[in-house]
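Reader: Hi! Could you walk me through this model, one topic at a time?
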Amino acid sequence: MARNKFDIDETLETPFDIKHLKRALTYAGRYKKRIFLSLFISVIASVTGLLSPLIVQYAVDNCFSSEGIPMLTLCAAGLLACIVVSVFLSQTRSKMMTRVGQDIIYDIRKDLFRHMQELPFEYYDSRPHGKILVRVINYVNSVSDIMTNGIINFVLETVNILFITIFMMFVCWQLALTVLCGLPIYGAIIMFIKNRQRKAWQKVSNKSSNLNAYLHESIVGVQISQVFTREEVNAEINDKLAKSYRSAWMKAVGYSNLVWPATDVVSISTRAAIYLIGLLFMPGVSLGTILAMGDYSGRFWQPLMQLSNLMNTFINAVAYLERIFEMLDEPASIKDKPGAKEMPEIKGDVHFRDVTFAYENGVNVLEHLSFDVKAGQSIALVGPTGAGKTTIVNLISRFYDLNGGKVLIDDSDISEVTLHSLRSQMGIMLQDSFIFSGTIMDNLKYGRLDATDEEARAACRIVGIDDYITTLKDGYRTKVSERGGGLSQGQKQLIALARTILSDPKILVLDEATSSIDAKTERYLQNGIDHLLKGRTSFIIAHRLSTIRSCDRIMYVSDKGITESGTHDELIAKRGDYYKLYTAQAV
Amino acid sequence: MFLLRWLWKNMKGDRLIYCTALCMTVVCQAMHLIAPNITRQIIDTFLVGEEAAENLRNGTDKLLLMLAAMIGFTLLRCVVQYSSNMCYERTSQGLIYRVRKVLFDNIEKQDAGFYDTHRTGDVMTVVTGDLEMVRHSIAWIIKTTLECVVLYTATMVFFFTIDWLMALCMMALTPFILLITKGFRRAVGPFYVDLREKLSAMNTAAEENISGNRVVKAFAREDFEIEKFDKCNKAYNEANKKAAFTWLKYFPALEITAQSLSVVCVLFGGIFVAWGRMTFGEYATFAGLVWTLSNPMRTLGNIVNDYQRFTASAHKIIELYYGRPFIVEREDAVDVPGRLKGKVEFRDVSFGYGNTEILHDISFTAEPGETIAIMGATGSGKTSLINLIPRIYDVTAGQVLVDGHDVRKMKLKQLRGGIGIATQDVLLYSDTIEGNISFGNIDLPEDEVIKYAKAADAHGFIEKTSDGYDTIIGERGVGLSGGQKQRISLARALAVKPSVLILDDTTSAVDLETERNIREALSNLDFPCTKIMIAQRITTARSADRIIVLKDGTIAEMGTHEELIRQNGYYREVYELQK
């Protein structure tokens, strides 16, 4: 798979088209009613707004004399009333639109996160995590305004332009056409800017993604950087990324800032053209008409200017929007088949039938692998690192789909049942024993949310970490996190193990579950694990032979398959690869 | 004020541009006020004036000239405005660039203590969302404030020259605006502090979900995660609404007061005209310029709103900006030039986090070239002990000495530069394999990269990957098996050719044959080096010059393999287990 790293721009697979816009609008569509209502309120507010100049006009014409003062006071009161009404209307509108806008962001983010949970390992393995993070958090924030106020303003301004155009046509169609002549010129300028602008903002989103990806890795790996005294080199890389972000931004904003002056100049020019043509070439037209048309042309371009501003925001938002949609469109390659059944309660038979698997096309990790495990058996997988031990256990939990063959649990093909019903019956302890921030108890119960505290403690007693936890000041309520909290790697592993035990799985997978635990603790742990293995099918990957010896069956994984299989004694007698491995360990 | 000073400080280099931009803003505002006059002149001269027809007949040239002036003036204004905008952008980009640099340096320098309390998502929020707010403040808040002040003052001065009483009437509303704004400011502040807390919490939830995606899937906890994130998402959504609604609560008062200016204008203007105090023309001037007073007053609310938001973010940035780690190089650090000899000595060392003491009275010496193995039960303090050598943590009592110097008195770069460490939690970067191996020594030629990969017994599997040494590996090394990650991490440690090599259980996940290969390679390194290694396997430990067994933070046993076997302690027990 093509992996991405922090300084590689992600190419965008799909060009932007109107579909994206439609899709974005579906989010707004859920709030149709409120948006229309807001639009309606806006119209009323504008009408009320139009009343004010009329009142002022009336007052100026009739009340600017000593006798007129009572009437003048009345007019002032009327004016104030107009203002109050229109202000409260726009407050109502803003409240509505704030709600809608925030809810749209919430919806998009929710969908995005939900989709993220369905994405396979490859998605997370093939790009820096910081790039995923900024999409869910930062990008989503930047699209809200365009979806709410953007839509309303777009409609209002468009209506505005239409009205003004019709009005101008009635007053003097020749001069109206003069104004409209500005449109093609304006359109050409905007098109010119727009194409460049879009590319430029895409670049900005790429650069900011790179910058944040590197930042994220730097935070996560800070201790490594320190012990390798890489601070200066890292600072230089960060500097380079920050610089390219800055120049991308400057370029993009350079285009965006052009839009407004362009409108301004075109607007003024058409006004000049009206005076010129009206005065010099159209002797029949009254001066009043020319005066009015000059005024209207200003009012024609005003909404256009608003629209161009809107376009600016829009193009900016689209650069983020298309990234969001791209992520939403990322296929969840491992998902429930249509009509997938619930996995019945697992008894524990596991069958591999002619399984072939490759992470990358053409490089098979496993070829034509078949084996059967009876319910309740414990299986140790041994063999050189990178031979495919982890791959085999990952296939049992359907973390990847096969390139050929079948994996059956009991009699169900695991690709035919729902993922949730399959995985929730399995207990998988991975090499990566990730600890979430929260209390130790929260972490333990991650395996089974409805477990009682006592059950969680019992699991800790099995792995022998209960004593340690109780010595902590806050005991099981001690706050821990992936990096902090003063837990050693071994202790984290023990907690992760207790977490798996607590989930009471039907099939247990332990992938290097005890690698960071010292031999003596492991010995102690062995009793607990033996107890755990009873009555469960289990797969154990370990390098320490003391762990392996007690399993029912040992499979030696190498050469894309299983080369030796049997009990410890059988394999020792065979004097093959396992024997070699075993004797290498002997002190 | 402190915030402004802080902004000014970080504007260094762009200050002149910024001031120019501010000046241009003033010019621009002035041009805005002047522009309508040109149009009016054209109208007066050629359209409505008494001699309009006459003027038109005789002065076509003049008309053309004036129209050209109209367009020219607009062009000029646009150029000024565009330049000033670009200057603001440049300054704000320059500012966040500089702040980002300092933040990054600080992030890199912060010690483990800092990261025990600051989650990744929290730090990410500061450098993404908060920094964006600061950029916005430079590009928008200050500029808009200036525009408002200029417009307001200029108009006010102008008004006073026309009629002081009318001007006073127009000014009368200003105190109300200020009062309302002040109330608003106090009300909205806490909401923005809360808002960014919620953002930070959401960032952390998403970050952990991404980093822990394997565990989530392993436990089929997707629904639980969705629910957990949904809570954060909802909380953020509500915090946003709360802040916005606070603004909307004050909005009518502000807006009505500002717009009432036109009421004041027509009412008092009318009365004064009726009294004969003002001419009609003077009234028209006031009426025509009402917007120049009401607009700044309306904008004030927005400015305060954004300013409060900026303050909430800026405080978080400044916390990180000025946050100093506890572990820093001393001013009078001794200079130890050249390659370290590699002698490591612990003298009565004690160490603890907070109130819990992890290590007590540890003393031992590793002579240059010696190998020390450290063993002990989980949680006995092995990793804490080795973390004290490169000063990931500092001792709470006693001394750690390297080449006879207290590590706290050494230059950090010289100390750490002489140490190669392969940590237990293998963190690889999403970079090529070669980039990861040469992480601490970026100038390492390719053949040496391969040499150290071979020493770590990693060459074999690297060659089998699709792009060999140019294969990009995922963040944290995902996609590689535990043993493969450990071997790359070991190669990375070797590649700096350290005087002191620290291995924290580096071979726990590799198979035994690989481990033997690595052991052999380590004893034949082409540079002199003291090795301190945490091990769980007797095979790894037995050939060490000295084996230290830790128990509850103290040295329980120390000696060679033969000596410890005779002692009947922990070592003997483990030996029996692994026999």
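Reader: How does α5(A) pass α11(A), in a left-handed or a right-handed crossing?
Author: In this predicted model, α5(A) passes α11(A) in a left-handed crossing. A crossing is called left-handed if the near helix is turned anticlockwise from the far one by less than a right angle, and right-handed if clockwise. Helices here are DSSP runs (H or I, at least four residues), strands likewise (E, at least two), numbered from the N terminus.

Reader: What are the angle and the axis distance?
Author: Helix α5 (residues 129-141) of chain A and helix α11 (residues 287-329) of chain A pack at about 145°, and their axes are 9 Å apart. The axes are lines fitted to C-alpha atoms, for helices over the stretch in contact, and the angles run from 0 to 180 degrees between N-to-C directions.

Reader: Which residues meet there?
Author: From α5(A) you have R135(A), Y139(A) and V140(A), which meet Y320(A), R323(A), I324(A) and M327(A) of α11(A). Contact is counted if the C-beta atoms of two residues, placed from the backbone, lie within 7 Å. By class, that contact has 5 nonpolar, no polar and 2 charged residues. Nonpolar covers Ala, Val, Leu, Ile, Met, Phe, Trp, Tyr, Cys and Pro, charged covers Asp, Glu, Lys and Arg, and the others, Gly among them, are polar.

Reader: Okay, domains. Which ones does chain A have?
Author: The assignment, which is automatic or from a database, gives domain 1 (28-99) and domain 2 (119-212 + 246-333) in chain A. Their C-alpha centres lie 28 Å apart. Domain 1 of chain A puts 6 residues into the contact and domain 2 of chain A puts in 7. Helix α2 (residues 32-62) of chain A gives the most to the domain 1 side, with 4 residues.

Reader: And chain B?
Author: Chain B has domain 1 (163-326) and domain 2 (344-578) by its assignment, with C-alpha centres 55 Å apart.

Reader: How many residues of the two chains are in contact?
Author: There are 140 residues of chain A in contact with 142 residues of chain B. Helix α3 (residues 69-118) of chain A supplies the largest share of the chain A side, 24 residues. That side splits into 67 nonpolar, 49 polar and 24 charged residues.

Reader: Why does A218(B) count as buried?
Author: A218(B) is buried because 28 other C-beta atoms lie within 10 Å. The cut-offs are 20 or more other C-beta atoms within 10 Å for buried, 12 or fewer for exposed and partly exposed in between, with C-beta atoms placed from the backbone.

Reader: What about the largest nonpolar core?
Author: The largest core has 252 residues, and I374(B), I389(B), A491(B) and V500(B) have the most contacts inside it. A core is a set of buried Ala, Val, Leu, Ile, Met, Phe, Trp, Tyr and Cys residues joined through C-beta atoms within 7 Å. Helix α10 (residues 222-275) of chain B gives this core its largest share, 21 residues.

Reader: Last topic: what is the phi of D504(A)?
Author: D504(A) has a positive phi of about 50°, though it is not a glycine. D504(A) sits in the loop between α17 (489-502) and β9 (507-511) of chain A. R575(A), in the loop between α20 (568-574) and α21 (577-585) of chain A, also has a positive phi, near 55°.

Reader: Is R575(A) buried or exposed?
Author: R575(A) counts as exposed, because it has 10 C-beta neighbours inside 10 Å. D504(A), with 16 other C-beta atoms within 10 Å, is partly exposed.

Key
Residues numbered from 1 in each chain as written. Chains lettered and ligands numbered in written order. Predicted model: local features only at pLDDT ≥ 70, side-chain atom pairs only at ≥ 80, totals over all residues.
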